[in-house]
Amino acid sequence: MIESEQLMAESGLRTLLRAYDFHGGEMLETLVAALISFASQTENYLELFTQHLMFQAKSQVHFIQVINDVAGMLINAQRGKKVFIDSGVLGILVRQAIEFADNSSPTGQNPELRQASLAFLASVWIMKPDEIQGKQKNASVVSSVADQILNVIKRGCRDPSRSVVFMAISLAFNLLEHF
């Protein structure tokens with residue numbers, strides 16, 4: 001049982017994450033609605049997703065998994081699109097996931113983090129290919145994001161961790177199937 005002092009010290013966001021961890025998919029809509037509400041009230045979308053949510057998550061792996069779970073609903077919701085895409089949060093999270101997925105970076109030493117990041121990158125590419133492939137003003141920069149994602153997946157196919165190799169190969173075929 002959680003002590004009441006510990007419960008009082010926790011934020012509402014952490015409590016939502018704990019409830020989501022416990023109840024899983026049943027809480028997904030509630031978590032997304034709360035994130036949209038928090039973001040709309042503060043108008044600081046970037047801070048919510050890159051600082052508060054990361055701080056309240058149990059680990060970087062948990063953070064990427066939660067982002068991957070809520071991304072689909074945020075991308076498809078009208079208010080979520082403003083919160084997640086138009087504000088630039090998605091682009092920053094994609095760049096952060098590329099760094100996490102790269103096994104040569106200091107954060108890339110954890111195979112679970114690399115797997116979660118690869119899964120997030122592939123799912124975002126499938127859900128919003130125009131954001132990754134470059135239907136924007138600066139197509140050369142955006143297309144380099146696609147190249148970076150492909151390079152990270154290719155490196156994942158040669159990774160020392162077998163679980164990362166299997167994940168990277170699976171994601172490469174999944175992307176091939178969609179495009």
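Me: Happy to look at this one with you! Which residues are exposed on the other side of α6?

Reply: Gln78, Arg79 and Asp86 are exposed there. Keep in mind that this is a predicted model.

Me: And what makes the buried residues of α6 line one face of the helix?

Reply: The buried residues in α6 are Gly80, Val83, Phe84 and Ile85. Seen down the helix axis, the buried residues of α6 fall within an arc of 160 degrees, so they line one face. Those buried residues pack against α3, α4 (45-56), α5, α7 (89-101) and α9 (129-133). After α6 comes glycine 88, with a positive phi near 90 degrees.

Me: Why is α5 called oblique to α6?

Reply: The two helices pack at an angle of about 120 degrees, with their axes 5 Å apart. Roughly perpendicular covers 65 to 115 degrees and roughly antiparallel begins over 145, so α5 counts as oblique to α6. On the α5 side the contact is made by Ile67, Ala71, Leu74, Ile75 and Asn76, and on the α6 side by Gln78, Gly80, Lys81, Phe84 and Ile85. By type, these residues divide into six nonpolar, three polar and one charged.

Me: What makes α3 roughly perpendicular to α5, then?

Reply: The axes of α3 (residues 28-42) and α5 cross at roughly 80 degrees and come within 10 Å. That angle lies in the range of 65 to 115 degrees, so α3 is roughly perpendicular to α5. Here the contact residues are nine nonpolar, no polar and two charged. From α3, Leu28, Glu29, Leu31, Val32, Leu35 and Ile36 take part, meeting Val66, Asp69, Val70, Met73 and Leu74 of α5.

Me: How do you know that serine 161 is buried?

Reply: Buried requires a relative accessible area under 20%; serine 161 has 15%, so serine 161 is buried. The residue is found in the loop between α10 (139-157) and α11 (162-178). Beyond its neighbours within four places in sequence, serine 161 is in contact with Pro111 and Arg114. Asparagine 110 is 51 residues from serine 161 in sequence, yet their C-alpha atoms are 9.7 Å apart.

Me: Let's finish with the largest nonpolar core: which residues touch the most other members?

Reply: Phe49, Phe84, Val94, Phe120 and Ile149 do, out of 55 residues in that core. Helix α5 (residues 60-76) gives the largest share, nine residues. As for valine 94, its contacts beyond four places in sequence are Phe120, Leu121, Val124, Ile132, Val145 and Ile149.

Notes
Residues are numbered from 1 along each chain as its sequence is written. This is a predicted model: local features need pLDDT of at least 70, side-chain atom pairs count only at pLDDT 80 or more; totals for chains, interfaces and linings use all residues. Side-chain values use heavy atoms; hydrogens and water are left out. A nonpolar core is a set of buried Ala, Val, Leu, Ile, Met, Phe, Trp, Tyr and Cys residues joined through side-chain atoms within 4.5 Å. Buried means under 20% relative accessible area, exposed over 50%, partly exposed in between (1.4 Å probe, protein chains only). Helices (H or I, at least four residues) and strands (E, at least two) are DSSP runs, numbered from the N terminus. Contact means heavy atoms within 4.5 Å. Axes are lines fitted to C-alpha atoms, for helices over the stretch in contact, and angles run from 0 to 180 degrees between N-to-C directions. Angles under 35 degrees count as roughly parallel, over 145 as roughly antiparallel, 65 to 115 as roughly perpendicular and the rest as oblique. Ala, Val, Leu, Ile, Met, Phe, Trp, Tyr, Cys and Pro count as nonpolar, Asp, Glu, Lys and Arg as charged, and the others, Gly among them, as polar. The arc is that of the directions from the helix axis to the C-beta atoms.
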